[in-house]
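Have the structure open as you read.

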Amino acid sequence: MSRVYNFSAGPAMLPEAVIKKASEEMLDWQGEGMSVMEMSHRGKAFMSIAAKAEADLRKLMAIPENYKVLFLQGGASTQFAMIPMNLLGDKKTADYINTGMWSKKAIAEAKRYCDVNVAATSEDNSFTTVPEFSSWNLNPDAAYVHYTPNETIGGVEFNYIPDTGDVPLIADMSSTILSREIDVSKFGIIYAGAQKNVGPAGLTLVIIREDLIGNAGDNVPAMLNYATHDKADSMYNTPPTYAWYLAGMVFEWVLNQGGLKAMAEINERKSAKLYDTIDSLDFYANPVEKQYRSWMNVPFTLKNADLDAKFLEEAAKLGLQTLKGHRSVGGMRASIYNAMPEAGVDTLVQFMKDFAQANS
Ligand code: PMP
């Protein structure tokens, strides 16, 4: 059996070294005589796994001490609701930036709890760009500002961090976390579903500034209150132990690759190889304004969509899998998170060139 290059947007590829180590430790984790899946989350062995994972993530992202890291469930989609539930306090409104499908989902959920001010949108440009910060219409009374630094479907990524002053900045980093260095201190909350750049599905990371914890109303369910999870070190109920363990191994792997600076260099290079191929051949197209093209999700279309099925079929034969674009936009999408080897991108680039030549 050989492993393929899986370009899925999530669940996505995991580093092979991590999967190998997990398989070696599957039956007996370090002499405990059981797998991590079978361990009590309150036992010494799992507590050590959990603590190391958090310490490694803190090191990787240089997370300041006044931020808590929560290991939760419910996916990024649950955060769409937890954020207004926990942050509104006595405020009635929040600012949202609309740059695509995931922003829209966050906005729709927030509307259940507050007045949403869409302070900037790129919808008029079919979400192929990012609104310039100078054009944002921020409300000084907003409880927070929410944005999506990387839109997984549109392949649009912010190349700047907005400065929202005293209003906490909240970022859905599901598809960009760990892809490059970021200054955590600029954010109120960073959250991410794990299944792209962190680990398996089922785990959700929340990195939250301490003063934003403890402001939920009494009607907020315990499980949806950040304070509950903070007080219990993310063990109020049974956490997703196996996903936490695997995420910890991914953090260690990224550290061993040289950390986020090294990761960023590779990611920029990998994405440039794909965009250069798309731009240099008349056969393919990507509509996103160049400075806002995502390093992680590279959508592209074939100018002749009649060839889509043939492209996917021939790619799959070379072990290039899951390249079909999101159903809402069609075409192709190559998601190239940290665990996608550069050789996978090189193989795809060569195939794209060969396919264009054979079918022009
Ligand atoms: N936000 C972004 C940017 C995403 O890409 C996704 C998943 N594709 C989500 C939110 C939803 O995440 P989850 O499935 O973990 O709820």
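## Around the ligand

Sorted by class, the ligand's shell holds three nonpolar, six polar and two charged residues. Here Ala, Val, Leu, Ile, Met, Phe, Trp, Tyr, Cys and Pro count as nonpolar, Asp, Glu, Lys and Arg as charged, and the others, Gly among them, as polar. This is a predicted model, where local features need pLDDT of at least 70 and side-chain atom pairs count only at pLDDT 80 or more, while totals for chains, interfaces and linings use all residues. Numbering runs from 1 along each chain as its sequence is written, and side-chain values use heavy atoms, with hydrogens and water left out.

Which residues surround the ligand? They are Gly-75, Ala-76, Ser-77, Phe-80, Trp-102, Asn-150, Thr-152, Asp-172, Ser-174, Gln-195 and Lys-196 (each with a heavy atom within 4 Å of it).

## Polar contacts and burial

Now for the polar contacts (pairs of N or O atoms within 3.5 Å; within protein, one must be able to donate a hydrogen and the other to accept it, and residues adjacent in sequence count only if both atoms are side-chain atoms). Ser-77 puts a side-chain N or O atom 2.6 Å from a ligand oxygen. A backbone N or O atom of Ala-76 is 3.0 Å from an oxygen atom of the ligand, and a polar side-chain atom of Gln-195 also lies 3.0 Å from a ligand oxygen. On its own the ligand exposes 400 Å², and the protein buries 85% of that (Shrake-Rupley areas with a 1.4 Å probe).

## Elsewhere in the chain

Arg-58 is part of helix H2 (residues 44-61), and its side chain reaches the backbone oxygen of Tyr-67 at 2.6 Å. Setting aside neighbours within four places in sequence, Arg-58 is in contact (heavy atoms within 4.5 Å) with Ile-63, Pro-64, Glu-65, Tyr-67, Lys-68 and Val-69.

Gly-10 and Pro-11 are joined by a cis peptide bond, omega about -5°, and Pro-11 is in the loop between strand E1 (5-6) and helix H1 (16-24). Gln-30, in the loop between H1 and H2, has a positive phi near 45° despite not being glycine.

Technical notes. Helix = DSSP H or I, 4+ residues; strand = E, 2+ residues; numbered from the N terminus.
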